[in-house]
Amino acid sequence: MKTLLFLLPIVCMQFVQFVQFVQGGQNNCNSELADKIVSFESNNWRGYQVGLHEKRRRGGTTLDLSLVWAGQSLRPDTLWMAEQCRGQLCFSRYKYDAKEMGDYFKEIVDEKNYFYMQRFGGLRVDHVWTHDLDDWKNAKPSESASFFPGFDVFCDKCDRLKYCTVVTKKNDIDKWNRDKIGKMMATSDGWVRFEEFSQNEKWTITVHDKNKIPDWYLGPNSALTVNISSVLSFIVLYYTRNEFLESDPQQSLNI
């Protein structure tokens, strides 16, 4: 019995090391980010952060994840609320602007838009009712589910959050009932997607002081609607990236 007790910590340590090996030597940082306000800056496109692109259609408005230029400044439209979701993280922004909500609408003032994976269609950004998300959190995982809002965040170091990947396990409809890893990545034309293999999936995550962030920073009116062509987006990203590499040639070896 004493031998078994002695071996138990060793076995546990080996298991942790195995998990880190599978994730490329990175650590799971979900617990460090739960209930925090965060932003994601692309390590490949410095100064660009994950925000929302709003597109108006005849049937209404659709939202997509896109890169937004922030530089070294705090941009309200690139802030995300992280919350615990079945041991993973869900990311959201408020659906409504609290400053414009009267007392009649106070019951829905806390409703949020989340980005999540769906069985048919992949990544989506849309409103998820609070009670629906609570039901999902409390329900047992089901292989027939069509809604998956939980993500994992892995970083080299959880106290620095410099080289991080945001991962979904539901990224391929043909193998939906099995873990299929997809990593959040930035495309050259300015969109944010989840792909299994990518060189652009590393992010720097910044945790912001909640006491210094007013609620309206996390609402829809803080986001600018910018409808530029994909070609123009590529040109902006291309020259910004080249300027960065010229100023720091060592970075070209890491891309």
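Visitor: How far apart are the sulfur atoms of C155 and C164?
Guide: This is a predicted model, where local features need pLDDT of at least 70, side-chain atom pairs count only at pLDDT 80 or more, and totals for chains, interfaces and linings use all residues. Residues are numbered from 1 along each chain as its sequence is written, and side-chain values use heavy atoms, leaving out hydrogens and water. A disulfide here is a pair of cysteine sulfur atoms within 2.5 Å. C155 and C164 form one, with their sulfurs separated by 2.1 Å.

Visitor: Is C155 buried or exposed?
Guide: Buried means under 20% relative accessible area, exposed over 50%, and partly exposed in between, using a 1.4 Å probe and protein chains only. C155 has a relative accessible area of 0%, so C155 is buried.

Visitor: Which hand does the link of C29 and C158 have?
Guide: Those two cysteines form a disulfide with sulfur atoms 2.0 Å apart. The angle about the S-S bond is -90°, and the link of C29 and C158 is left-handed.

Visitor: How many residues apart in sequence are the parts that C29 and C158 tie together?
Guide: Helices (H or I, at least four residues) and strands (E, at least two) are DSSP runs, numbered from the N terminus. C29 lies in the loop between β1 (27-28) and α2 (30-33), and C158 in the loop between β10 (152-155) and β11 (164-168), so the parts tied together are apart in sequence by 129 residues.

Visitor: What pattern do the disulfides of the chain follow?
Guide: The structure holds three disulfides. Counting bonded cysteines along the chain, the pattern is 1-5, 2-3, 4-6.
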